Structure formats: C-alpha cells, structure tokens
Amino acid sequence: KKPWAEPYRIKVVEPLKTTTREHRLKSMKEAGWNTFLLHADDVYIDLLTDSGTNAMSDMQWSRMMIGDEAYAGSRSYYYLEEVCRKYYGYKYILPTHQGRGAENLLSKCTITPGQFVAGNMYFTTTRQHQEIAGGTFVDVIIDEAHKSQSDHPFKGNIDLDKFEKLINEKGAGNIAYITVGAPVNMAGGQPVSMANMKAVSELAHKHGIKVVLDATRNIENAYFIQQREEGYKNRAVEDINHEFCSYSDAATVSAKKDLYVNIGGLVMCNDPDLFDELRSLIVVYEGMPTYGGLAGRDMEAMAQGLIEAVQDDMIASRVRQVEYFGNLLKDAGIPIVLPIGGHGVFLDARKFYSHIPQSQFPAQKLAADLYIESGVRGMERGIVSAGRNKDTGDHYYPALELVRLTIPRRVYTQAHFDVAAWSIMEMYKNREKARGLKMVYEPKYLRFFQARFEEL
Ligand SMILES: Cc1ncc(COP(=O)(O)O)c(/C=N/[C@@H](Cc2ccccc2)C(=O)O)c1O
C-alpha cells in the first residue's frame, strides 16, 4: 500500500525531557493520582488533550502580527466572520474565549429552567452549562455507542426512536433543543453520519425543536463521512462539513481543536432573534461582539486555522496519525474502543484492569500508572468524568470506563506513538499487580479536573 506523509515540514521544535520512574511516581502521588494535576514539565509525551495543544502554521503566526486590537469593530473580527460564514455557513458569528464561553451563552439564551435537552451521549462542560441554565440532559444516542467493542461506523448517531419517544413523553415545548456532538468525544471520538444528521434535523424541525451542533471537531466528522458513508467518497471535506452544518440552527465550537489555536471559541446561529439574545448577553461574559473575550491576533489565527483545517490532505494526515497509533495497540491485543476515533485512542480500562471494580476508579488508576511507567499523560474518561446525577447525588456509572490518549495536531511524529505503544504493551503484561484508588477530594463542579485520590 502506498505510504503517506504529512503535508507539512517542521521548522521549530520544543526539546522534550525524559524523567526517571522514581521521579514520576513521586510526582503522581503529589498530584493526587490525577494526571490533570501534574506539572507539564514532568510529562514526556503529553496526550492529555488535543485542546489548545496543536501546532500553528507559519501563516497563522504571520496573521497574528496583523491582528487588529481595536476594542470595537476590529478588522480581524470581520475577517473571522467572513471565513466562518464561508466554511460553516451560519449567518451570525460570535467569537468567545473558548468553547465553554459559547456553551454558557447558548445555554442561557435557549433553555427555560425545567426544560430538557436531548443529545448524543453527553459532554462534560456542555451538560454542565445546560444544567446551570436549568436544563436536564437526556441521552438519545444509539446503544452501540456504549459498547466499546462495537465497530458500528457511526457510533455517534442519534437513536431517532429514543428522540421521538422523548418528544412524545415530554412534549416538544419542554425540549429546549437537541444537541449533536460530532464526533462524540466521550464515546471515543465517534462520528455522526450525514444521513443521521439530516434525519435528526427533519424530526426536530417537524416538532419545532432547534438543532444545536457542537462543531468542535466537525472537520474530523466530515472526514469520517467522506471515508465511510456511501456517496461521499469524492466529496471534499470542506463541502461535507458545510452540508452537515446546514442541518443545524446553531453551533458552539471550541476552536482549540480543529482550528489549531491555543485559545478561542465560536457561537454561531441563523435565527436573528437568537442572535440578538446572544449579542446582548456576550458583553456580560466575553466582551464586545467584535472580540468576544479574545485578542484580535487570536481571531486572525482562528480564521487561518479554519482555512487550513478543511484542506483534505491536512485532515486526512491528522486522522491517519490517530489510526496509526490505534492500530499499533489493536494489533498487539490491547483493549481499545473500536472503531478508532478521530482525535485519540481510548484504552478500555474495564478490560485492561478487569480486576479493579468501577467504584475504585480503574480508568483513573490506569492513566496514572501509564504516566508512572512511561511519562505519557492520558486522561480519565470514566466514572470520575461522568460526575454525579444532579437529582440523586449518586455517581453516574457509565458503561464506558476509558483512558483517552489524545493526539495533538501536527505535534508528535509516528516514532512518539511507537514509544507510547511499546510502554502500554509492557504495562499490559503486568496489569494484575495494579491496585484501585479511593477519592479523597471531590470538587463541586466537573470534579475530574481537580479531584485527588490515594492508592488502596
Ligand atoms: C466536544 C467538546 N465540546 C466542548 C468543549 C469545551 O471547549 P473548551 O471550553 O475546552 O474550549 C470540549 C473541550 N474538550 C477538551 C477540554 C476538556 C474539557 C472538559 C473535560 C476535559 C477536557 C478535551 O476534550 O480535552 C469538547 O471536547
């Protein structure tokens, strides 16, 4: 098979430091067995997140030099607006400081306390803002999404029967909107098909329900449609992305992923009344609509990032790198979520540490042990991330107990993944020795960011 190479070369490097196992064990204990609390200087290969950790291009850095820092009416805003209209297709575009800024505004402007929000699986910050705005999230994703070994090509799909049942149960008027994450981060970066998005849109609009797209990694989703969905093989990612967005009424974006920037977000919509609501609220939380919590230079970098993100060769090389890493592990018999996702490889901690019950946080321990053995930092995506049910106070007990190894865009080479995969295979041989954890500090919101643990 013809090999492929990245459509770019590297001009600037950041030297990496390796550490001793002894130092890493000490660091991990001091960080309360939570990889979020490690010092980045103590991390060798950082696969915690693809958020804000991506490499910018020479053109992005150059555009930053001409960022217009005018407080109101910045030239850089109008350029960002033009580029977003071209590629996402929404009429109204507002920048925010990052995805959560957009989620805060959108939730507050569209949810009446007591309403329900349907969606595919959930995302931590998205659901948090929906709850803060008084909504209750209801998962209507297909069952396959909750099965780590199911190889359904579009595990992010909405189950239309579940959605319709919810509408009949609650009444359309009590559903603020349906939120579609594409791909679904928590399911393992699993995409939504064009056919499903179209059907969801038709069903929602039949009942006067808005469709809100979380377009944070939508370009990856478009790539999977091109590669996996009948009839899209010869369509450009740029066009597929544009069509996909056209089935939604509004979108929130964390630009820190697809758009290759270190900070930035977007909230976009087509309805003038919703736009007016968003535009009036943005000045309370983010600043003037023409900067939305960002510097002019950030908006320039975002616009250029979007132009680069939709290029077929750029997105193909991104997803192929994730698949390269995933296949190394899959071929070695390491349990990972299938199919391999768009932004990372997800270890199935339930299988990896099958002797540790979910109440002793196996994914939390696996992420910590991986760091200690290899200096590679991953993120827990299991019971700790799932948090507590706001009504019962009990933990959610998600079927998926995962460790996410997230690949930053244009940062590491295949050799880094060879090294990371080798370490994981070594760990797998000695997995029975691992012991569980107990949580000793639990923050009120989004506990996984700062919770602390001790070994049992
Ligand atoms: C699908 C989707 N929608 C919205 C946002 C919010 O965007 P922002 O506010 O971060 O810019 C994110 C952020 N995802 C990051 C950072 C993160 C966030 C919460 C828990 C763990 C990690 C990650 O997955 O690493 C996302 O993935």
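Q: What makes a residue buried in this predicted model?
A: Buried means under 20% relative accessible area. The model is predicted.

Q: Why is helix 4 called largely enclosed by the rest of the structure?
A: Ten of its twelve residues are buried, so helix 4 is largely enclosed. Those buried are Gly99, Gly101, Ala102, Glu103, Asn104, Leu105, Leu106, Ser107, Cys109 and Thr110.

Q: Why is His395 called buried?
A: The cut-off is under 20% relative accessible area. His395 has 18%, so it counts as buried.

Q: Where is His395, and which residues is it in contact with, leaving aside neighbours within four places in sequence?
A: His395 is found in the loop between helix 15 (383–386) and strand 12 (402–406). Beyond those neighbours, its contacts are Ile383, Gly387, Arg388 and Arg447. Ser385 is ten residues from His395 in sequence and 9.9 Å away in space, C-alpha to C-alpha.

Q: Why are helix 2 and helix 11 called roughly antiparallel?
A: Angles over 145 degrees count as roughly antiparallel. The axes of helix 2 (residues 58–65) and helix 11 (residues 296–309) cross at roughly 150 degrees and come within 8 Å. The pair is therefore roughly antiparallel. The crossing is right-handed.

Q: What makes the contact of helix 2 with helix 11?
A: Helix 2 brings Met59, Gln60, Arg63 and Met64. Helix 11 brings Arg297, Asp298, Glu300, Ala301, Gln304, Gly305 and Glu308. By class, the residues of this contact are three nonpolar, three polar and five charged.

Q: Why is helix 3 called roughly perpendicular to helix 9?
A: The range for roughly perpendicular is 65 to 115 degrees. The axes of helix 3 and helix 9 cross at roughly 90 degrees, and they come within 8 Å. That makes the two helices roughly perpendicular. Arg85, Lys86 and Tyr87 of helix 3 meet Glu238, Asn241 and His242 of helix 9. The residues of this contact divide into one nonpolar, two polar and three charged.

Q: What do the buried residues of helix 3 pack against?
A: They pack against strand 2 (92–96), helix 9 (237–246), strand 8 (265–269) and helix 11. The buried residues are Ser76, Tyr77, Leu80, Glu81, Val83, Cys84 and Tyr87.

How values were computed:
Residues are numbered from 1 along each chain as its sequence is written. This is a predicted model: local features need pLDDT of at least 70, side-chain atom pairs count only at pLDDT 80 or more; totals for chains, interfaces and linings use all residues. Side-chain values use heavy atoms; hydrogens and water are left out. Axes are lines fitted to C-alpha atoms, for helices over the stretch in contact, and angles run from 0 to 180 degrees between N-to-C directions. Angles under 35 degrees count as roughly parallel, over 145 as roughly antiparallel, 65 to 115 as roughly perpendicular and the rest as oblique. A crossing is left-handed if the near helix is turned anticlockwise from the far one by less than a right angle, and right-handed if clockwise. Contact means heavy atoms within 4.5 Å. Ala, Val, Leu, Ile, Met, Phe, Trp, Tyr, Cys and Pro count as nonpolar, Asp, Glu, Lys and Arg as charged, and the others, Gly among them, as polar. Buried means under 20% relative accessible area, exposed over 50%, partly exposed in between (1.4 Å probe, protein chains only).
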